[in-house]
Amino acid sequence: MHRFALAALALGLLAACPSRPISKMPPCPDDADLKDIQVSADVDVLFVVDNSSAMADEQAVLASSIASFVAALDALPTGRPNLHVGVVDSTVDLGVDDVAADGCPHPDPADNGALQAPAACGVAGSYLSDIADPSGGRTTNYGSDLATTLGCMVNVGETGCGFEAPLNAMERALDGSVVANAGFIRPGAWLVVVILTDEDDASVQDGSAGAAVFSLPGDSVGGSNDFRVQPLFAYECDQPITAGSGSAAYTNCKPRTDSYLEDPVAYAQFLATMVKDPVRTLVTVIGGPPPQDSNGNPFQTNDATPQTA
């Protein structure tokens with residue numbers, strides 16, 4: 001069980017599940033809930049894209065799959081729904097200066113839940129809007145076709161924070177704290193969240209409770225990298241996770257709720273408040289499976305390989 005286990009939904013937009021080396025394969029959701037969506041409904045889609053190092057290949061696969069996503073929308077019985085589509089990266093302001101060199105600036109107004117719509121993608125505003133008008137046409141705020149524009153938007157780069165916090169970034173993008181995001185979420189609309197990452201979530205608690213993890217002595221937490229957040233304080237396993245455990249395997253791991261990290265249940269509860277009917281909230285995670293060692297053990301802490309299921 002992983003921190004991303006808020007919900008898993010098989011969406012028809014992806015033709016691949018990223019892995020290293022990156023390769024196309026059938027979609028492989030860890031779990032799936034199938035929902036009947038009123039195709040005439042407004043749909044707000046938030047892509048949360050990991051922008052830490054070595055994410056260019058995964059972003060490229062996602063971008064190449066957007067055309068299939070758009071084709072599925074257009075093939076609905078009533079045609080393309082009224083869309084708002086936003087993209088946010090996985091970097092958030094951790095509230096400390098000690099990790100700025102790791103791509104985690106403080107303060108960080110450019111990330112931290114701000115919707116990313118580069119001018120080069122041709123979007124007028126912080127998110128993409130594509131709405132049916134009374135004449136039978138579409139009112140849009142972008143210049144190219146939908147697939148090309150959205151494919152451009154999800155390429156958020158790979159210079160972001162190594163303490164990837166997609167769950168926290170999702171919350172900050174939607175909770176109203178970023179003024180520029182105003183209007184993205186519409187009352188009564190379906191909310192779809194798509195998270196792309198190659199590692200597990202490292203969202204710490206807000207304020208001093210979470211920031212304290214970054215002041216712990218490096219020799220006690222495996223150095224300065226994200227091992228000190230996850231898996232060290234993210235899980236409870238049959239075997240104690242220690243800074244010196246290297247690539248040791250762990251079994252029967254479950255998310256901790258008593259550490260520096262935010263309890264993942266809090267994000268599920270937050271999402272339930274974002275729409276009038278929580279059933280109208282859908283979440284999917286696209287991530288690499290936990291790597292196996294030479295003995296086939298299912299969970300390693302070698303940070304050079306993916307740690308997300």
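**Entry 1: His 106**

I began with what His 106 touches: leaving out residues up to four places away in sequence, I found Asp 93, Gly 95, Val 96 and Asp 97, where contact means heavy atoms within 4.5 Å. This is a predicted model, in which local features need pLDDT of at least 70, side-chain atom pairs count only at pLDDT 80 or more, and totals for chains, interfaces and linings use all residues. Residues are numbered from 1 along each chain as its sequence is written, and side-chain values use heavy atoms, with hydrogens and water left out.

I placed His 106 in the loop between β2 (82–89) and β3 (128–132); strands are DSSP runs of E with at least two residues, helices are runs of H or I with at least four, and both are numbered from the N terminus. Next I looked at Asp 93, 13 residues away along the chain, and found the two C-alpha atoms separated by 5.7 Å. The side chains of His 106 and Asp 93 also make a polar contact at 2.8 Å (a pair of N or O atoms within 3.5 Å, one able to donate a hydrogen and the other to accept it; residues adjacent in sequence count only if both atoms are side-chain atoms).

**Entry 2: helix α3**

I then turned to α3 (residues 166–174), where eight of the nine residues are buried, so the helix is largely enclosed by the rest of the structure. Among the buried ones I listed Pro 166, Asn 168, Met 170 and Arg 172. Their cover includes β1 (42–49), β2, β5 (190–197) and α5 (264–272). α3 lies across β1, β2 and β5, at about 140° to β1 (axes are lines fitted to C-alpha atoms, for helices over the stretch in contact, with angles from 0 to 180 degrees between N-to-C directions). After α3 comes Gly 176, with a positive phi near 90°.

**Entry 3: the sheet**

Which order do the strands take? I read six strands in an open, mixed sheet, β4-β3-β2-β1-β5-β8, where two strands pair if DSSP finds at least two bridges between them. β4 (138–140) and β8 (281–287) are at the edges with a single partner strand each, so one side of each has no neighbour in the sheet. I also saw β5 and β8 run parallel, joined by seven bridges, with Leu 191 opposite Thr 281 in β8.

Notes: Buried < 20%, exposed > 50% of the residue type's maximum accessible area, 1.4 Å probe, protein only.
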